[in-house]
Amino acid sequence: MTGILLEARNIGKRFGGVQALKDVSLTINTGEIYGLIGPNGAGKTTLFNVFTGLYPRDGGEVLFAGAPLDLESPHVVAAAGIARTFQNIRLFANMTALENVMVGRHVRTRAGVFGAILRTRAERVEEAAIRRRADELLHYVGIADRADDLARNLCYGDQRRLEIARALATDPKLLALDEPAAGMNATETGALRDLIEGLRRDGLTVLLIEHDVKLVMGLCDRVAVLDYGEKIAEDVPEAVRANPKVIEAYLGTSAA
Ligand SMILES: Nc1ncnc2c1ncn2[C@@H]1O[C@H](COP(=O)(O)OP(=O)(O)OP(=O)(O)O)[C@@H](O)[C@H]1O
């Protein structure tokens, strides 16, 4: 698979006196794992929030799968094929793991989340298909044995996996992961790495914000670096690691 999946042109975003994003342009190719790194406050999450329709941008545009993306609402962005996870896990704590994934799936179905109230036969059939697909996705991320457990009773690493399963339930073209390894131990991070590599093998495009530089450099095809809202580098990991501007702003000499 080749070609550009997402192209951002001159994205700008200001919060009061803070220029969180300054003319940020980048391209994400179909099928690649694209890393976004940079110091705290560099603008990574803000860029995610613009791409996923959570924050209005002040300027610039985004092309997705060849067409301008209407960034005005998260629902439209999700329907276009962008799914995300959050830095702070946002699951429905008192729903089961399976139900959490089923909610994600409803983005793609006619009935909608509350459609189940008036259950026609067609809707019951659809509901069964949603349940099957949710179950498959729990298998895919490796937590099928926790399907009937409440999300809040899952361990941290499994909650992160569940978030990914829920995002995958929308059948995205692009999966955006905001610090998925934050708070994970080495075993959980290793398992996450395997999962993300599996996603790439299966043809998904992944945008990854992550502070674990080793994980980013090991996984990503290309990496962009933000610093004070500006993109200071975008290249293959080895070139980014050797870039003096990046070393000064983020990596430090020890990581070089
Ligand atoms: N909703 C908001 N209101 C006001 N300022 C904000 C808001 N969101 C982000 N900012 C500011 O925009 C800048 C970029 O923040 P952002 O969270 O995007 O950085 P980041 O690179 O994701 O940082 P981190 O690695 O700490 O998550 C920061 O100065 C931050 O304080």
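Two strands count as paired if DSSP finds at least two bridges between them. Helices (H or I, at least four residues) and strands (E, at least two) are DSSP runs, numbered from the N terminus. The model is predicted: local features need pLDDT of at least 70 and side-chain atom pairs count only at pLDDT 80 or more, while totals for chains, interfaces and linings use all residues. Residues are numbered from 1 along each chain as its sequence is written.

**The sheet**

Begin with the open sheet of four strands, whose order is β2-β1-β4-β5 with antiparallel pairing. β2 (18-29) and β5 (67-68) each have a single partner strand and stand at the edges, so one side of each lacks a neighbour in the sheet.

Next, select β1 (residues 4-15) and β4 (residues 59-64), which are antiparallel and joined by five bridges. Leu6 has Phe64 in β4 as its bridge partner, and Gly12 has Gly59.

Continue to β5, which is antiparallel to β4 and joined to β4 by two bridges. Here Leu63 stands opposite Pro68. The hairpin of β4 and β5 has two residues between the strands, and Ala65 in the turn has a positive phi of about 50°.

**The helix pair**

Now display α4 (residues 121-141) and α5 (residues 156-168), which pack at about 135° with their axes 9 Å apart. Axes are lines fitted to C-alpha atoms, for helices over the stretch in contact, and angles run from 0 to 180 degrees between N-to-C directions.

Finally, select Leu137, Leu138, Tyr140 and Val141 in α4, which meet Arg161, Ile164, Ala165 and Leu168 in α5 (contact: C-beta atoms, placed from the backbone, within 7 Å).

Methods:
Two residues are in contact if their C-beta atoms, placed from the backbone, lie within 7 Å.
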